Amino acid sequence: MERSPNQFPQAAQNALKNPTLQTAMERGTQNGVNSRLRAMGELPHADQLRQQGRAAKQRALNHLPDLLTQFEAQISARGAQVLWAEDAAEANRLILEIAQKHRVKKVVKGKSMVTEEIGLNPVLEGAGLEVIETDLGEFIVQLDHDTPSHIVAPIIHKTREQVRDLFMDRLHMPASDDPAVMTAHARAHLRQEFLSADMGITGANFLIAETGTAVIVTNEGNGRMTSSLPKVHVIAVGIEKIVPTLEDFGTLLQILTRSATGQKMSVYTHLMSGPASPQDPDGPDSMYVVLIDNGRSRIYGEQYAEVLLCLRCGACQHVCPVYQNVGGHAYGAVYGGPIGSVLTPLQQGVENAHPLPYASSLCGACQAACPVIINLPDMLLKLRADLVSGGHTEPIMQMGIKAWARVMQSPRLYGLGGAAARAGTRFLSRGSETVTALPGILGNWTDQRDFPAFAPKSFHQLWREREQGS
Ligand code: SF4
């Protein structure tokens with residue numbers, strides 16, 4: 001089903017009424033929060049390490065063009081080909097041309113959010129290629145004709161029981177909801193795909209400029225098989241993944257894995273610096289790195305450049321009270337949660353994602369969890385300001401804000417408004433502390449929660465009485 005960020009309010013309502021989704025989100029996000037807290041808590045200098053990681057990414061951003069050129073020179077010297085894609089269409093065209101040049105029929109893919117972002121799979125499949133996702137979560141998503149709903153846990157919205165039923169139906173697995181049994185079944189299925197694929201496509205978590213190395217971190221080993229078994233390997237990667245040095249990579253790796261999956265280290269950390277040399281026992285004959293811009297250069301030049309520090313760890317999604325309740329699909333875009341509420345309006349235009357900057361309580365949990373301390377709440381506020389200044393807010397909201405500003409500038413109107421609100425809510429609450437149903441458009445508030453009745457006397461009144469009594 002086609003989704004749109006502008007449908008967020010309705011999609012969120014639907015998500016809240018879905019008990020299976022609620023169960024899956026509760027389990028998944030709490031597990032993510034707890035494992036990150038445990039893993040970060042083991043570090044004696046976690047906050048200093050986060051500051052150090054942020055500084056490394058900031059250095060990378062400050063010298064982005066030079067570092068990308070340095071990376072290209074280093075990895076090209078060892079036989080890889082670097083291609084530059086300005087937008088999604090160009091990235092897809094370049095990757096398809098590589099496949100056609102090598103007469104590829106079957107592609108295996110490692111987990112890659114940027115290929116979701118550019119919509120690569122439908123392009124390859126439309127050209128007659130068979131494309132198989134090999135990350136277990138992405139494999140399940142593909143099998144179910146679904147889309148990922150979290151950056152590192154694509155099936156966070158599914159329960160184990162749903163996956164069991166899917167495997168029994170589509171892979172003829174004997175009945176079992178033991179994760180080990182289900183994983184073994186998927187692995188046996190995927191092993192044949194690795195061995196018969198002509199091309200592997202992965203993303204990259206980091207590009208190290210000084211050594212010309214692309215790095216992927218995985219827990220399943222599928223990234224290593226995808227990048228080394230087929231004869232052709234394509235790395236599709238956003239340009240913001242560059243870091244200056246191996247040392248910076250070492251710093252960031254420690255906070256990435258702890259923040260993403262609560263691990264000190266992921267099971268596999270795979271460093272790739274070119275195609276196989278004649279001395280290597282295995283590895284691809286041809287390696288391509290497609291450096292994807294797709295709006296990143298534009299963001300780089302704006303007040304939102306800080307968002308390019310993002311490591312795509314998903315920690316801000318786990319902790320966000322909105323994401324925890326509505327899941328990733330409600331956001332109607334590839335990236336959900338707080339990072340998505342900033343990235344999607346920046347990538348698609350704020351008018352095409354106008355509910356998302358408001359999909360936040362601004363509680364600050366996202367920034368507190370972020371390994372590189374990105375100030376997401378501040379960017380959400382700035383995006384709201386952009387929406388207002390661009391005239392993209394609902395007319396009723398604009399009228400309400402104008403009326404509020406007027407009232408706040410006039411003590412007389414403020415006093416009258418307060419008296420009316422006190423009388424109105426006391427009447428509607430029928431003597432209790434809360435109003436359960438406000439009239440008219442205000443009922444949108446009480447559809448979801450109660451409204452506390454105003455106190456019988458205002459602070460000004462109480463203060464005056466106190467002064468007169470003293
Ligand atoms: S904004 Fe921070 S917490 Fe969220 S995905 Fe990016 S790095 Fe992780």
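Tutor: Six strands make an open sheet in the order β1-β10-β7-β4-β2-β3, and their pairing is parallel. Strands here are DSSP runs of E with at least two residues, helices are runs of H or I with at least four residues, and both are numbered from the N terminus. Two strands pair if DSSP finds at least two bridges between them. Strands of a sheet pair through backbone hydrogen bonds, either parallel or antiparallel. Because β1 (81–85) and β3 (130–133) stand at the edges with a single partner strand each, one side of each has no neighbour in the sheet. From one strand to the next, the twist averages 20°. Such angles run from 0 to 180 degrees between N-to-C directions, and the axes are lines fitted to C-alpha atoms, for helices over the stretch in contact.

The model is predicted: local features need pLDDT of at least 70, side-chain atom pairs count only at pLDDT 80 or more, and totals for chains, interfaces and linings use all residues. Residues are numbered from 1 along each chain as its sequence is written, and side-chain values use heavy atoms, with hydrogens and water left out.

Within this sheet, strand β4 (residues 199–202) runs parallel to strand β7 (residues 232–238), and 4 bridges join them. One of the residues involved is Ile201, whose bridge partner in β7 is Val234. Helix α4 (residues 64–76) packs on the sheet and touches β1 and β10 (286–292); contact means heavy atoms within 4.5 Å. The direction of α4 makes about 150° with that of β1.

A second open sheet can be read in the same way. It has 4 strands in the order β8-β5-β6-β9, with mixed pairing. Its edge strands, β8 (242–243) and β9 (268–272), each pair on one side only. Strand β5 (residues 206–208) pairs with β8 in the parallel sense over 2 bridges, and Ile208 has Val243 as its bridge partner in β8. Helix α12 (residues 246–261) packs on this sheet, touching β5, β6 (213–218), β8 and β9, and its direction makes about 165° with that of β5.

Leaving aside neighbours within four places in sequence, Val322 is in contact with Phe8, Tyr331, Ala359, Ser360 and Ser361. Val322 and Ser360 are 38 residues apart in sequence, and 6.3 Å apart in space, C-alpha to C-alpha.
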